[in-house]
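Take the topics in any order you like.

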Amino acid sequence: MPTEILMPALSPTMEEGTLAKWLVKEGDEVSSGDILAEIETDKATMEFEAVDEGTIGKILISEGSEGVKVNTPIAVLLEEGESADDIDTSASTKEEKPQAEAAPKAAEAETPEAGYGRGASDANEATGKSDSQAPAAPKSEKGERIFASPLARRIAADKELDLSQIDGSGPRGRIVKADVENAQPTAAKSDSAAPAKDAAPVAQAAATGPSADAVAKMYEGREYEEVTLNGMRKTIAARLTEAKQTVPHFYLRRDIQIDALLSFRSDLNKQLESRSVKLSVNDFIIKACALALQSVPDANAVWAGDRILKLKPSDVAVAVAIEGGLFTPVLQDADTKSLSTLSAQMKDLANRARDRKLAPHEYQGGSFAISNLGMFGIDNFDAVINPPHGAILAVGAGVKKPIIGKDGEVTAATVMSVTLSVDHRVIDGALGAQLLNAIVENLENPMVMLA
């Protein structure tokens, strides 16, 4: 039976992608490790490698196709002795494929290596049944289709279970093998649950605002340009909406006098000039935050649903603006690295972020983030936390301001305003204040960061 090549999940959060370019054509021989296609995720364009060897029998999804769901068949691979006549793509259109999330452990028992799925005959081998013996797709009492894997349907038929009474744990509520193996005969579900289920779309619509059609009608007769959302903008919209709706933000603000920092940076850059190293203020901010997380270890934490994870290393994410969105590449173990090393790594990550060449592990993780808009002349702002991070520091521009000196005299100083956005589930007010104080101490006394 020919092998279906499935749309891969190239990152843990990938739900769909754009099949940007095929690097093979029908009839090509491929081996394990060969590059089959370029796929655009919400963050980057990545190469998709072959897992098995064989011949590309048919390409199912044309290049340039957007919004291709994870685990959707995109091509068919033929093994030795198989021909294109063996390909039956009707099953791919009739049977809903697992979508969106990377398959949970329960589904992994039924799914081969990522990106590939065998034909129905392989699932039948597990039960000793032929294709003709596979039960038809079941429907509920209301005539609605119940989505379950073929193997789950067969096991349910053997155990005489009613699939309409089983809750699926697979992607999009799909019933998988583990669900039916663990299921017990139950009484029919009461109709009292139906109103709540029917009300869910209404509640969701209310939470996300008016529909696209309603907004378009609102501006009917006015001149505008419609911009289609790419994967990155969809992800930014979804994640940050979720963050503002579900993360209890609170904000801590401080002004930091950075004249000593600017002078120290100037001296260091003169000494590093022969090595072609030029430190930025942002490099010092990264180092200051990383050391502060070590000084206040309880704040070096992330929210994990039903628990808090306290990290040992200081992995600091830094927002990088790119065309159409942003990346947050992560500088791992930032507390242990020199300023020159942080500077070089940050430049490399930022350049590859703008080219969308970062690998998922380079922009995922971390416990803390920095968003610096000072170079755009912004004095201060409040940043939105990027879950599961415990906090994010919003950094404004350094501005000359009159201040009151230690002896009561009025003098001028370069002042940088920062705002720490904090997830109250992870960090309480006093702990957040300790963290921000440690950051301020490091930046106002930069030489301590070299100790």
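A residue counts as buried when its relative accessible area is under 20%. S314 has a relative accessible area of 0%, so S314 is buried. Please keep in mind that this is a predicted model.

**Around S314**

- S314 sits in the loop that links strand 12 (308-310) with strand 13 (316-318).
- A polar atom of the S314 side chain lies 2.8 Å from the backbone oxygen of A290.
- Setting aside residues up to four places away in sequence, S314 touches A290, L293, Q294, N300, L331, Q332, D333, A334 and D335.

**Nonpolar cores**

- In soluble globular proteins, nonpolar side chains tend to be buried together.
- Here the largest nonpolar core holds 57 residues, and those with the most contacts inside it are F284, F368, L393, L420, L435 and L443.
- Helix 10 (residues 281-295) supplies the largest share of this core, with 8 residues.
- What does L435 contact beyond its neighbours within four places in sequence? The list is A292, L293, V296, A299, F368 and L420.
- There is also a second, separate core of 22 residues, and L10, I61, A75 and L77 are among its members.

**An aromatic pair**

- The structure holds 2 aromatic pairs.
- One of them is formed by F264 and F284, with an edge-to-face arrangement: the rings are 6.2 Å apart centre to centre, with 70° between the planes.
- Why does this pair tie together parts that are 20 residues apart in sequence? F264 lies in helix 9 (residues 259-272), whereas F284 lies in helix 10, so the pair connects those two parts.
- F264 counts as buried at 13% relative accessibility, and F284 counts as buried at 0%.

- Strand 13 and strand 17 (residues 368-372) run parallel and are joined by 3 bridges. In this part of the sheet, V318 stands opposite I370 of strand 17.
- Strand 17 is also joined to strand 18 (residues 391-404), by 5 bridges, and these two strands run parallel. Here I370 stands opposite L393 in strand 18.
- Are the residues of strand 17 mostly covered or exposed? Strand 17 is mostly covered, with 5 of its 5 residues buried.
- From strand 17, F368, I370 and N372 point one way, while A369 and S371 point the other way.

- Strand 2 (residues 16-22) pairs with strand 7 in the antiparallel sense over 3 bridges. The bridge partner of G17 in strand 7 is V68.

**Backbone details**

- Most residues other than glycine have a negative phi, and most peptide bonds are trans.
- N71 has a positive phi, near 75°. N71 is in the loop between strand 7 (65-69) and strand 8 (73-78), and N71 is buried, with a relative accessible area of 14%.
- D333, one of the residues that S314 touches, has a positive phi as well, near 55°. At 34% relative accessibility, D333 counts as partly exposed.
- Which peptide bond is cis, with omega near 10°? That is the bond from P387 to P388, and P388 is found in the loop between strand 17 and strand 18.

Conventions. Residues numbered from 1 in each chain as written. Predicted model: local features only at pLDDT ≥ 70, side-chain atom pairs only at ≥ 80, totals over all residues. Heavy atoms only, no water. Core = buried A, V, L, I, M, F, W, Y, C linked by side-chain atoms within 4.5 Å. Buried < 20%, exposed > 50% of the residue type's maximum accessible area, 1.4 Å probe, protein only. Helix = DSSP H or I, 4+ residues; strand = E, 2+ residues; numbered from the N terminus. Contact = heavy atoms within 4.5 Å. Polar contact = N/O pair within 3.5 Å; in protein donor to acceptor, adjacent residues only side chain to side chain. Pairing = 2+ DSSP bridges. Phe/Tyr/Trp six-rings, centres within 6.5 Å; stacked < 30°, edge-to-face > 60°.
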